[in-house]
Amino acid sequence: MKTQRQVTYAVCAAVLLIAPAFLNSYWVDVLNNVGIYAILSLSLNIILGHAGLFHMGHAAFYALGAYTTAILNTTSGLPVIWLLPLSGLVAGLAALVVARPIIHLRGDYLLIVTIGFVEIVRIALINNIFGITGGANGIFGIDRPEILGMKIRTPLGFFYFIWGFAALTIFLFDRLEKSRFGRALNYLREDEVAAQGSGIDTAHYKLVAFVIGAVWAGMVGNIFAAKMTIIAPESFNFWESVVLFMIVLLGGRGSIPGVILGAFLVLGLPELFRQFATARMLVFGAVMVAMMIFRTEGILPPPPRKYPLSRPTAPGDRA
Amino acid sequence: MSTLLSLRHLTKRFGGLVAVDDVSFDVAGGSIVGLIGPNGAGKTTVFNLITGNYRADAGDVIFENRSIRKLPTHQIVSLGIARTFQTIRLFLKLSVIENVLAGCHCRMRSGSLAAMFRTPAQRREEREALQIALAELDFVGLTPHAEQLAENLSYGNQRLLEVARALATRPRFIILDEPAGGMNDQETDNLIRTIQSVRDRGITVLLIEHDMSLVMKACEHLVVLENGAKIAEGPPRQIKSDPKVIEAYLGPEEDA
Ligand SMILES: Nc1ncnc2c1ncn2[C@@H]1O[C@H](COP(=O)(O)OP(=O)(O)O)[C@@H](O)[C@H]1O
Ligand SMILES: [Mg+2]
């Protein structure tokens, strides 16, 4: 079982690794966008998929990361790659401040508040808050990242950068899922009262889920800013949050492979069917509706976690 | 025997209804105590006051000589009070073993960073938690079901799983809300034996039960509630013949 999954991962990684050799730079860029959305959705998956918190404002953390990078790079010339962790940190701190008062809200209430949050951030950016965000035009002239003396400029360069970061994210988040932390999120999603009654500080775990998700979204914001070299508020609107939300629900809440597949479907398929410009959104909508009715768990729901169940010791041993 | 838990003038109102009315009693360490009374008497509310699910309007809850009245539920659990729910509250979509691991949570330390870096301490802790969870499953006799989803267990087994999850928190005191609810006679007999072995492990038991035969067999001490107030307290034999109790509670049952 375990090896079968590892083989699947390895095959997918290998296919992805050699894919650029057969694709022109347009399609490599499509894969880059899929990668960016895959990482963003994986970070949302911690909040929405694992902890079950209806957070529809994830684009706000993404925006905070992108603008942190853009502002600091263009004003002080700090290297973009140094700003990667810093952007994550800023988004994480924002999550800490924003999430604390709203963390106790349930389901649809949280949904509405987080939608409000992403709109506030977007409007603040448009209004050139503190005179540093460049208003509706955004910020241009952001530097490219430089790793080990190599500057990343081409779509191919970004392809390896983005998917390398995606691989790291998958590796770390997979470990996170299979831990005390990951289980705590699932317990509170399944039944918050039972989780508390089992000794779990649910408010704390919700907050940490938000912070980790935001840190990652902030770091992806950095990558996005460096890739585009120009950013504007419209890249981080409410619709972006909806797309991320959709990817997680469609792919499978709490499932890393599901979320990645979701990112490929939601971003890749419209590109494949570009000639059917208007019909594709219709088909897309129909698929989403069908999913919600017939496969509510998503396309690839997470398989049950496996534990090495060996011989038990007597309960008295540890009294 | 020393007092483990002490309720002092506990009162809880819901709007105009006094669900718990100035209730005081002690639970001696190492005993099995039953909390009985007709439906709606306020038994579950007393439990929710002990575990911090509800906040008392007046009175205090003293556990091991300290007031726990203002503590959040998860802290009360780490202090050593575990519970089960009258309406079973399992993590239905998770496996049986994962349900028990939930109880281990409060005795573990490692956080998200330790998990990402998979530190030696984190791995050791995970192994130990799994051993404890398996041991508790074995204790309630659910080992063969370890990998099933909790929702696929029979009603009686779901109740046992809740007990295992509660025991995995390594409590000093466990409170069981109608643990035999929905069980057949044989399951109930097994449950009584399980409850007695819980006590033999040094864990004090407070249970709510409707099944009088269970209460009479298992408990050393009974507290009777009616309309939120305590109307009697004592050993089962004495309670059985208490006229107030017969009128309030046993009477209608014997007529039926
Ligand atoms: N959360 C609540 N809100 C309002 N009334 C409640 C609540 N919980 C319990 N009650 C009321 O308090 C009384 C005692 O309930 P409960 O403690 O569940 O009784 P028991 O467990 O003895 O059957 C009942 O009348 C019940 O309707
Ligand atoms: Mg009750």
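Buried means under 20% relative accessible area, exposed over 50%, and partly exposed in between, with a 1.4 Å probe and protein chains only. The model is predicted: local features need pLDDT of at least 70, side-chain atom pairs count only at pLDDT 80 or more, and totals for chains, interfaces and linings use all residues. Residues are numbered from 1 along each chain as its sequence is written, chains are lettered from A and ligands numbered from 1 in the order in which they are written, and side-chain values use heavy atoms, with hydrogens and water left out.

**View 1. Phe130(A), a residue other than glycine with a positive phi.** The phi angle of Phe130(A) is near 55°. Phe130(A) lies in the loop between α5 (107-126) and β1 (139-140) of chain A; helices (H or I, at least four residues) and strands (E, at least two) are DSSP runs numbered from the N terminus. Its relative accessibility is 71%, so Phe130(A) counts as exposed.

**View 2. Asn227(B), not a glycine, with a positive phi.** Phi is about 50° here. The loop between β9 (221-226) and β10 (229-234) of chain B holds Asn227(B). Asn227(B) counts as exposed because its relative accessibility is 61%.

**View 3. The magnesium ion (ligand 2) and its coordinating residues in chain B.** Thr44(B) (OG1) and Gln86(B) (OE1) coordinate the ion at 2.0 to 2.1 Å. The two residues are 42 residues apart and link distant parts of the chain: Thr44(B) is in helix α1 (residues 43-50), and Gln86(B) is in the loop between β6 (81-83) and α3 (96-104). Thr44(B), at 24% relative accessibility, counts as partly exposed; Gln86(B), at 29%, also counts as partly exposed. Donors are N, O and S atoms within 2.8 Å of the metal (3.2 Å for Na, K and Ca); water is not among the atoms, so sites may look incomplete.
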